[in-house]
Amino acid sequence: MGREAKAVAELKDMFGEYVEKVYGGASRDEDEGEDTSTHEDVDVEAEIAKELEDIRKPAKELPFRHIRVDTDCIMFFKTRAPIEPVEFVRRICEDAMASSERKTGRFVKRLTPMTLMGKASQNGLEEVAAKVLAPHFHAEGSAGKKFAIRPNIRNNKDVTRDQVIKTVAAAVGPGHSVDLKNYDLLILVDVYKASHAGSWSGPLWNERGWT
């Protein structure tokens, strides 16, 4: 098994653990209940039939799945409810920071949450930036925030770093200030080939980042 395959396996184990830890979920079906039967009243045929029925049940679908991408050292996972990517990754990193024994893995070096994805074009940048940033910069009581923008562009020559920064800054709008070190919110913009994703994070980045 290569390093990337091992990294994917690590992430699947980690995400599965944290789905259970953060969002809960019984280890057995609720209707399964507790086995209160005694040795005398056990119906062997019924027990065998029940075990066969359990075996035939489809495996419980997890709220994440690995999507293959043709770029070295990048693993992409698509998530669905109840996972909220930013808070999910934040919880994993906070636990890693709080414990010297808790590590993200031997092969996984960085986790980047994605709130929304769109096309890697000027219109796509504007649309994603507007949707992702509005609740954090334009909602009531959100004035006067300090922010930083961190673009990451791979395998794309059509979108430039300056273009990303100017577009995102315009979406943030007036009433806020840039602070590259002591920000309230860090805006992450990842551009990969024809797609890009936007997300935000809080000052946890100041301490250690999502690493």
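## The largest pocket

At least two lining residues of the largest pocket come from each of α1 (3-23), β2 (76-79), α3, β3, β4 (146-154), β6 (185-192) and β7 (195-201). Helices here are DSSP runs of H or I with at least four residues, strands are E runs of at least two, and both are numbered from the N terminus. The model is predicted, so local features need pLDDT of at least 70 and side-chain atom pairs pLDDT 80 or more, while totals for chains, interfaces and linings use all residues. Residue numbers start from 1 along each chain as its sequence is written, and side-chain values use heavy atoms, without hydrogens or water.

The pocket holds about 1200 Å³ of space. Among its 42 lining residues, I74, M75, F76, T112 and M114 are the closest to the centre. (A pocket is an open set of points on a 1 Å grid over the protein atoms alone, where a 1.4 Å probe fits, with protein on both sides within 12 Å along at least five of seven lines; lining residues have an atom within 4 Å of a point.) The lining has 27 nonpolar, 6 polar and 9 charged residues.

## A loop glycine

G105 sits in the loop between α3 (85-98) and β3 (116-119). G105 is partly exposed, because its relative accessible area is 28% (buried is under 20%, exposed over 50%, partly exposed in between, with a 1.4 Å probe and protein chains only).

C73 is exposed at 63% relative accessible area, whereas C93 is buried at 3%.

Technical notes. Points joined across faces, edges and corners; volume = space filled by probe spheres on them. Nonpolar A, V, L, I, M, F, W, Y, C, P; charged D, E, K, R; others polar.
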